[in-house]
Amino acid sequence: MQRNSPALSSGSGTSKSVDAGAFFAQRPELNGCPWHDVKSMLRGVGLRPTLQRMALGWILFGKGHRHLTAEMLYEEASRARVPVSLATVYNTLHQFTDVGLLRQVAVDGSKTYFDTNVSEHHHFFLEDKNALVDIPTVETEIGTLPDLPDGYEVGRVDVVVRLKAKGK
């Protein structure tokens, strides 16, 4: 059985998963200023706080836990008049994912969401709204997994339950 429960944030290091909310809560030098706090978060995971990373981090983490595609973040950045290209948004999202600030969730072969909640949890995908929603914390039983190829181990199991509106 797999239990969905909040992950503890890691200490320093660039290869450990970090829950942004827990990170902010455990850092005494954070002062509640989103710009300052994003800078501290980036430095805490070994990323240089460039203006583009800072601006995208502020947009991403300033609104609590959320699920965004690169295109959605690009649109938000454009509305906020942050001068970034879509390629920069993709690169930044992947950098944030690599250091554990985000969790990548593949829904379709061509659609990937980035989740600011990096704790262990699963998702509903609302097909009619193209929206990813966290499944409330529950016991999730995963059946028998297939034999793994030599040299590999399970990194995590993502459960995405696709929902469609009744009668459609």
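1. The accessible surface of the chain is about 10,000 Å², and carbon and sulfur atoms hold 53% of that area; the areas come from the Shrake-Rupley method with a 1.4 Å probe. Of the 168 residues, 38% are buried, meaning under 20% relative accessible area with a 1.4 Å probe, protein chains only.

2. This is a predicted model, in which local features need pLDDT of at least 70 and side-chain atom pairs count only at pLDDT 80 or more, while totals for chains, interfaces and linings use all residues. Residues are numbered from 1 along each chain as its sequence is written, and side-chain values use heavy atoms, with hydrogens and water left out.

3. The chain has 5 helices and 8 strands, which are DSSP runs (helices H or I, at least four residues; strands E, at least two) numbered from the N terminus. Their order along the sequence is β-α-α-α-β-α-α-β-β-β-β-β-β.

4. An open sheet of 3 strands runs β2-β4-β3, with antiparallel pairing; two strands pair if DSSP finds at least two bridges between them. β2 (67-68) and β3 (103-108) are at the edges with a single partner strand each, so one side of each has no neighbour in the sheet. Between β2 and β4 (residues 111-115) there are 2 bridges, and H67 lies opposite D115 in β4.

5. The largest nonpolar core has 24 residues; such a core is a set of buried Ala, Val, Leu, Ile, Met, Phe, Trp, Tyr and Cys residues joined through side-chain atoms within 4.5 Å. Helix α3 (51-61) is among the elements giving two or more residues, and α3 gives the most, with 6 residues. A second, separate core of 5 residues includes V105 and F125.

Key: Buried < 20%, exposed > 50% of the residue type's maximum accessible area, 1.4 Å probe, protein only.
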